[in-house]
Amino acid sequence: MFSWSRSSGSSAPSYPGSRKSTTQAPAPSPQPFVSSRYTRNDHLQSYLNHPTLKPSTRRVSRDDSTYDTIFQTRSGHALILRVHMPMQSSGSLPPPPGMSLVGIIATHPWIDTKMRVIGYDPIKSGQSWASSNLLLGNVVDSVVKHIQLN
C-alpha cells in the first residue's frame, strides 16, 4: 500500500511533485454567476395557471415538459405554439424554454426556418433566461401577443 511519508524534521507531508515558489499565481477573476430565482415548477405553474393562456393550453408529452397553446391571429388564423420546458441540470444555468410554431410554415422576424422562436431576447440563452427574472407564463403570453399582432 502506498502512503505519503513525512520527511524528517517536517510536520507537514511533502508531495514529491510540489514546486517551491516564493510568488503566488494570481487568482482567476470570478465569472459572474447568474441564477434564476424561480424553480422549474414555478415557471410551469405560472404558464398553466396564466389567466389568458390556461383555457387554450394542453400538455402534449407524457412528462411535464411540452405543452401546446392555441391562439388566433388578427387575420383569424389559428396557430399552435409548442412550448418545451427542459429539466435543469444541477449546478448549471437553467436552460431556456424552447418554443416553436406547429403545423404551419410562416415567416416572421422572430421565427427561423424550422419554425422555432429565436427572436425573443429572454429565451436566447441560459444566461439571458436566468437574468431575465421572468416567469414562463408571462414569456409565453408576450410571444403569443407579439405573433398575434405582427
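## Overall fold

The model is a predicted one, and in it the protein contains three helices and four strands, which follow one another along the sequence in the pattern α-β-β-β-β-α-α.

The protein has 150 residues, of which 32% are buried. Where contacts join residues at least 6 apart in sequence, 44% of them link residues that are at least 24 apart. The accessible surface of the protein amounts to about 10300 Å², and carbon and sulfur atoms account for 53% of that surface.

Helix α3 covers residues 136-149, and its 14 residues should span 20 Å at 1.5 Å a residue, which agrees with the 20 Å found between its end C-alpha atoms. The buried residues of this helix are Leu136, Gly137, Val139, Val140, Asp141, Val143, Val144 and Ile147. In an α-helix there are 3.6 residues a turn, so residues three or four places apart point the same way.

Asp141 belongs to helix α3 and has a relative accessible area of 10%, so Asp141 counts as buried, the cut-off being under 20%. Once neighbours within four places in sequence are left aside, Asp141 is in contact with His50, Thr52 and Leu53. Although His50 and Asp141 are 91 residues apart along the chain, their C-alpha atoms are separated by 8.4 Å.

## Residues in the loops

The loop between β4 and α2 holds Ile111, a residue that counts as buried because its relative accessibility is 9%. Not counting residues up to four places away in sequence, Ile111 touches Leu101, Arg116, Val117 and Ile147; of these residues, Ile147 is also among the buried residues of α3. The C-alpha atoms of Ile111 and Ser100 are separated by 7.9 Å, with the two residues eleven residues apart along the chain.

Most residues other than glycine have a negative phi. Met115, which is also placed in the loop between β4 and α2, has a positive phi near 65° without being a glycine, and Met115 is buried, with a relative accessible area of 7%. Asn133, found in the loop between α2 and α3, likewise has a positive phi, of about 55°, and is not a glycine. With a relative accessibility of 31%, Asn133 counts as partly exposed.

## The enclosed cavity

Rolling a probe the size of a water molecule over the atoms shows where empty space is left. When the whole structure is searched in this model, one cavity of 30 Å³ or more is found, and the volume of the largest cavity is about 50 Å³.

The lining of the largest cavity is made up of Tyr38, Thr39, Arg40, His43, Met85, Pro86, Met87, Gln88, Pro94, Pro95 and Trp129. Sorted by class, these lining residues are seven nonpolar, three polar and one charged.

## The largest pocket

The largest pocket contains about 150 Å³ of space. It is lined by 13 residues, and those closest to its centre are Thr73, Leu79, Ala106, Ile147 and Asn150. The classes in the lining of this pocket are six nonpolar and seven polar, with no charged residues.

Note on methods
Residues are numbered from 1 along each chain as its sequence is written. This is a predicted model: local features need pLDDT of at least 70, side-chain atom pairs count only at pLDDT 80 or more; totals for chains, interfaces and linings use all residues. Side-chain values use heavy atoms; hydrogens and water are left out. On a 1 Å grid over the protein atoms alone, a cavity is a set of points where a 1.4 Å probe fits but cannot get out, and a pocket is an open set with protein on both sides within 12 Å along at least five of seven lines; lining residues have an atom within 4 Å of a point. Grid points are joined across faces, edges and corners, and a volume is the space filled by probe spheres set on the points. Ala, Val, Leu, Ile, Met, Phe, Trp, Tyr, Cys and Pro count as nonpolar, Asp, Glu, Lys and Arg as charged, and the others, Gly among them, as polar. Helices (H or I, at least four residues) and strands (E, at least two) are DSSP runs, numbered from the N terminus. The expected span of a helix is 1.5 Å times one less than its number of residues. Buried means under 20% relative accessible area, exposed over 50%, partly exposed in between (1.4 Å probe, protein chains only). Contact means heavy atoms within 4.5 Å. Accessible areas come from the Shrake-Rupley method with a 1.4 Å probe; for residues, only the protein chains shown count as cover.
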